[in-house]
Amino acid sequence: MPAPFHPTRAFQAYQLFAANTNVGKTVFATGLCRAAALLGKEKNRNVFYLKPVQTGYPADSDERHVKTYNSSTIRTQTLYTYPDPVSPHIATNSPPEDAEVMQRTKQWMLDSLKGAQDKSGSFFFLETAGGIHSPVMSGTPQADFYRPLRLPSILVGDGNLGGISTTMTSYESLMLRGYDIPAVLLFDKEYRNHELLQRRLKVDVTAVPPPPAYIEDPVHEQASMKKYYEQLDEYLYPVMKRLDQKHEQRFDRLEQMADKSREVFWWPFTQHETVKDVTVIDSAYNDYFLTYAKNENKELEPKEMFDSCASWWTQGLGHGNPDLALTAAHAAGRYGHVMFPEATNEPALALAEKVLEKDTWASRVFVSDNGSTAMEVALKMAMSATGRRYGWAHKAPIEILGIDGSYHGDTIGAMDACSANVYNEQVQWYQPRGHWLTPPSVHITKGQAHVRVPAQVLQQSHGTTVNYDSVATIYSVDKQGENRDPELASIYKDYIRSQLKMLRDQKRHIGAVLMEPVLMGAGGMIFVDPLFQRVLVDTIRQESADLLGYSSADKAGWQGLPVVFDEVFAGWYRLGRQSASDFLGVKPDIAAYAKTLTGGLLPLALTVTKEPIFDIFLSKNKPDCLLHGHSYTAHPMGCAVAKRSIELLDEFAASETEHWAPFRKEWQQQQEESVWSMWSPDVVRQLSFSDRVESVMTLGSVLAVELKDEANKGYGSTASQSIVQSMRRNVFTENGSEATINLFARPLGNIIYLMTSQISTPERVRQCERILLQCIQSSSN
């Protein structure tokens, strides 16, 4: 795979899109190449022209036209040619894969620039075929196909009758996909389309005289066009100068962004005294960031980085997803934002119906804006339900029963629902309101899947390790329940019972059981033994009356205590299943969702629950309602995008041949179960034998590597920092050549975690694995 091609200060690159066919795109490409050559003489720069796809060849050849009316020094190329003058998708019965076409396109760009290294730079023009949504050979619209390049795009408008509409529509389609459009060019015809376009568009609009009428005699035709292009130089040279100026301004800004950001931002979860490099993200697409950083010569150079922290775990359907962008734009155009209390809108209602269609155990959906808020809502629901059922005084202190190492957000209530940790212990308002059980955790060490059982759970002075034949056996709780390992389940039950009896003896009021099912994220990517969480839920629902002393004769809807699942991180297929609760074989009474819910595009969160908990808040008295909300509750854009995201993820999960199927197949060859990961079982095993690695674990899109660090385990550890920085900044080799990307990873104490999106391909994940292995190996030497 060739290195990515992106502009630098020295190498300007532009792409020509057209609002329609036959609007003069090749004429403008020819004229811009000429103008760039004139400007290049002043700056000693070369000019390159590329036509990736040409139909009607060789009778029609845009490359030939460009070369005919430019100097002999211009370098031109056409990559794919087809004789029929038709759309590329029907021009061949054997269409190449998009990846192949993009690879050849990038490679020719790179090869061209390598030959121009002795110059002070180059101008590069890529001419597309037909209109912006005309397809490449596979049928993919060009506007989507060329998006990974995201070159500044010159839109050739339509000067004909009706051309205002096609030009505006094309402009909006490109903007919707994140393209920069520095100029619009079109022919000045009798309809004066450019005058209205100039008023409507926020870019330079330049109209030029149309070419002279075609002359049958080729000699006279060429002489006529030569004279025309000399006239056109007077119009397009100023355009090229303005493009050059905008290009310089763009790179001036990119050079300043790191320092200016240090001056104005207060970054979250960041100790500013230790920040060495600021990652300047120019754009993002699919799994990648396009970043710019200064090299050893103090020159800005581009680098693609795999978003291996899934942008703080939000990415599900890739950056710049045009489907989600269009969905959001439609909702924005239809509604903007509208009031939600005592009202409804179609996106919000459709989302609620879709979620309840999946979560059949629930009946009510509360919409908020982020995971922390969704948890605040869940806590209010649960505490009120418990307090009113058991007749506790309105202001009586109520606590939660949770799991040590959990994290539920940074708002005050969510912080108080966690044991003391690095996120809350320095906050003056923090007051722990609960009791937290010590969790057993799942690991793979030296190829062996095992559960690490802490001493507290065993109720003795030392912990132990319980080995299993496979990870799949550990996660068979959904089918076997406590029969997965009756002896260990009995140990768990004894521990949980002892803790509940202690709380009863202390006369503490426990209002809810709160947990992150299967995976505790911010606490250190802790894969909790699903058997432990299953036993906890079963014990609470079956024995809380005896163990806590609560009378639970009324079992309508929920038993003992409300069980709250925080699925902000792990929900919606993050771990390979729609809900993390699917691994436990039990459902909660309240659940919170966010993160991948909207595919990584917009903030939105949901708290879903059962009717009996909803009924707790019903009365004729307004203050008895759930007094929680925010101004943008159930904003139509987020709701519409969330519904579409769920639909797409469901399609991925159902496919037996595409999307996640290759990953599932690879794991099923190792173990005949439904537990699978996007990370290779062979690489997981290899990591588990590394001298630097204590253990490794993976499910779905998450890979967690626990490094050995006897001095300081946990969030305060610096063990992963050097490896994370290596993944971000180092140069890697693959098959003797430099790798094309770095990995944007975040440190988490002595844990290195990598995370894909739900659209990551096996090829991309394998490349990430190779880089991770290189970095860990080099750190061991």
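**View 1. Salt bridges across the predicted model, starting with Asp282 and Arg150.** The count of salt bridges comes to 40, and the model they come from is a predicted one. In this close-up, Asp282 pairs with Arg150, with 3.5 Å between the closest N and O atoms. Asp282 sits in strand β8 (residues 280–285) and Arg150 in the loop between α4 (142–145) and β5 (153–156), so this pair ties together parts that are 132 residues apart in sequence.

**View 2. Glu399 meets Arg508.** Here's another salt bridge, this time with the closest N and O atoms 2.9 Å apart. Again, distant parts of the chain get linked: Glu399 belongs to strand β12 (residues 399–403), while Arg508 is in the loop between α16 (486–505) and β17 (510–515), 109 residues apart. Glu399 is buried, at 15% relative accessibility.

View 3. Lys643 is partly exposed, its relative accessible area being 25%.

**View 4. A salt-bridge network.** Zoom in on Arg9, Glu248, Asp252 and Glu255, and you'll find them linked in a network of salt bridges.

**View 5. The open sheet of 7 strands.** Follow the order β11-β22-β21-β20-β17-β12-β13 and you'll have walked through an open sheet with mixed pairing. At the edges stand β11 (364–368) and β13 (434–437); each has a single partner strand, so one side of each is left without a neighbour in the sheet. On average, neighbouring strands here are turned by 20° against each other, direction ignored.

**View 6. β20 beside β21, with helix α17 on the sheet.** Strands β20 (residues 563–567) and β21 (residues 590–593) run parallel and are joined by 4 bridges. Look for Phe565, whose bridge partner in β21 is Ala591. Helix α17 (residues 530–548) packs on this sheet and touches β12, β13, β17 and β20. The direction of α17 makes about 160° with that of β17.

**View 7. A nonpolar patch on the surface.** Phe269, Trp312, Val422 and Tyr715 make up this patch, and together they have about 340 Å² of accessible area. Tyr715 is placed in the loop between β24 (702–707) and α22 (721–729). With a relative accessible area of 35%, Tyr715 is partly exposed.

Key
Residues numbered from 1 in each chain as written. Predicted model: local features only at pLDDT ≥ 70, side-chain atom pairs only at ≥ 80, totals over all residues. Heavy atoms only, no water. Patch = residues over 30% accessible without salt bridge, like charges linked within 9 Å, V, L, I, M, F, W, Y side chains within 5 Å. Areas by Shrake-Rupley, 256 points an atom, 1.4 Å probe, with all protein chains shown as cover. Salt bridge = Lys/Arg side-chain N within 4 Å of Asp/Glu carboxyl O. Helix = DSSP H or I, 4+ residues; strand = E, 2+ residues; numbered from the N terminus. Buried < 20%, exposed > 50% of the residue type's maximum accessible area, 1.4 Å probe, protein only. Pairing = 2+ DSSP bridges. Axes fitted to C-alpha atoms, helices over the stretch in contact; angles between N-to-C directions. Contact = heavy atoms within 4.5 Å.
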